[in-house]
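Reader: I have a protein model on my screen and I would like to learn how to read it. Could we go through it together, one feature at a time?

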Amino acid sequence: MSSVTATSNGGRTRRVQERAEATKAKLVDAGRLMFSERGFDAVSLRDIENAAKVKRGLLAYHFGDKEAFWKSVVATVFSGMHEEFEQRLGLLREVSESEHLAFIVRFYVGYHARHPELSRLMAQEATRDSWRIQYLIEQYIAPACEKMQRLVGDSLQLDRDAFVHWYYIMVSASSTIFSFAPECRRLFNIDPCEEVRVDRHADMLVQMLLRLKQE
């Protein structure tokens, strides 16, 4: 095979790979929105292919069945959050436990403001006792929650029972205003996702959550 032919074949292979990756990205983006808005059971593979504007059968070709595709979607959602968190955390050096905790709260607020589909997806799954919530807990939620529990326990002197309530207050308060953005816009005539609103929400939540001390 000549070098020209080899180069030509290599170029075609790269283009095929690039098209495949672009198709997969479209499917994952469509799946993230549809699973968060309608839930796993109410969405079909064809619904996702239509939303992604790709040919029928491509989802199964690239991902296999619906369960495998859902796992790919949530992996993208949670890995994106984890990578961003680690990048920002790496900028912190020798901060106190309370400052570390404030950073976590602010990060959650900011991330939910930019990605309200995360809390909507969790709202779909956390209210159902299914294999999916068990999978989310084991793969993503429990490891992060355990680290947070140790930090909150050390910083605020909260025992495990008190942490349960602190955790759900933090999770709900950091995300609801952004997940409920359409209501907030109509009710208060403001956009909660504006930077100044996000910062104010984070400030208020930090002040409330870091004041707590167990008697």
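Reader: Let me start with a pair of helices. How close do the axes of helix α8 (residues 160-179) and helix α9 (residues 181-188) come, and at roughly what angle do they cross?

Author: Good place to begin, and please keep in mind that this is a predicted model. Two packed helices are described by the angle between their axes and the distance between the axes. Here the axes of α8 and α9 come within 5 Å, and they cross at roughly 70°. Angles of 65 to 115 degrees count as roughly perpendicular, so α8 and α9 are roughly perpendicular to each other.

Reader: Which residues make the contact between α8 and α9?

Author: On the α8 side they are Ile-177, Phe-178 and Ser-179, and on the α9 side Ala-181, Pro-182 and Cys-184. Sorted by class, this contact has five nonpolar residues, one polar residue and no charged ones.

Reader: Let me try another pair. At what angle do helix α5 (residues 97-114) and α8 pack?

Author: The angle is about 35°, and the axes of α5 and α8 are 7 Å apart. There is also a handedness to read: α5 passes α8 in a right-handed crossing. From α5 the contact takes Leu-101, Val-105, Tyr-108, Val-109, His-112 and Ala-113, while α8 supplies Trp-166, Met-170, Ser-174, Ser-175 and Phe-178. In terms of class, the contact of α5 with α8 has eight nonpolar, three polar and no charged residues.

Reader: Now for α4 and helix α7 (residues 131-156). How do their axes cross?

Author: They cross at roughly 40° and come within 12 Å. That angle lies between the cut-offs of 35 degrees for roughly parallel and 65 for roughly perpendicular, so α4 and α7 are oblique to each other. The crossing of α4 and α7 is right-handed.

Reader: Which residues of α4 and α7 meet?

Author: In α4 look for Glu-67, Trp-70, Lys-71, Val-74, Ala-75 and Phe-78; in α7 their partners are Trp-131, Arg-132, Tyr-135, Leu-136 and Tyr-140. By class, the contact of α4 with α7 has eight nonpolar, no polar and three charged residues.

Reader: I would like to zoom in on Trp-70. Is this residue buried or exposed?

Author: To read burial, look at the relative accessible area: under 20% a residue counts as buried. Trp-70 has a value of 0%, so it is buried. It is found in helix α4, which covers residues 66-89.

Reader: What does Trp-70 touch, leaving out residues up to four places away in sequence?

Author: Its contacts are Phe-35, Phe-40, Leu-121, Glu-125, Trp-131, Arg-132, Tyr-135 and Leu-136. Among them, Trp-131, Arg-132, Tyr-135 and Leu-136 are in the part of α7 that meets α4.

Reader: How far apart are the C-alpha atoms of Glu-83 and Asn-189?

Author: They are separated by 34 Å, and along the chain the two residues are 106 residues apart. Glu-83 is found in helix α4, and at 49% relative accessibility it counts as partly exposed.

Reader: Let me step back to the whole chain. How many helices and strands does it have?

Author: The chain has 10 helices and zero strands. Its C-alpha atoms fill a box of roughly 75 × 40 × 35 Å along the principal axes.

Reader: How much of the chain is buried?

Author: Buried residues make up 36% of the 215 residues. The accessible surface comes to about 13100 Å², and 53% of that belongs to carbon and sulfur atoms. As for contacts between residues at least 6 apart in sequence, 64% join residues at least 24 apart.

Technical notes:
Residues are numbered from 1 along each chain as its sequence is written. This is a predicted model: local features need pLDDT of at least 70, side-chain atom pairs count only at pLDDT 80 or more; totals for chains, interfaces and linings use all residues. Side-chain values use heavy atoms; hydrogens and water are left out. Helices (H or I, at least four residues) and strands (E, at least two) are DSSP runs, numbered from the N terminus. Buried means under 20% relative accessible area, exposed over 50%, partly exposed in between (1.4 Å probe, protein chains only). Contact means heavy atoms within 4.5 Å. Axes are lines fitted to C-alpha atoms, for helices over the stretch in contact, and angles run from 0 to 180 degrees between N-to-C directions. Angles under 35 degrees count as roughly parallel, over 145 as roughly antiparallel, 65 to 115 as roughly perpendicular and the rest as oblique. A crossing is left-handed if the near helix is turned anticlockwise from the far one by less than a right angle, and right-handed if clockwise. Ala, Val, Leu, Ile, Met, Phe, Trp, Tyr, Cys and Pro count as nonpolar, Asp, Glu, Lys and Arg as charged, and the others, Gly among them, as polar. Accessible areas come from the Shrake-Rupley method with a 1.4 Å probe; for residues, only the protein chains shown count as cover.
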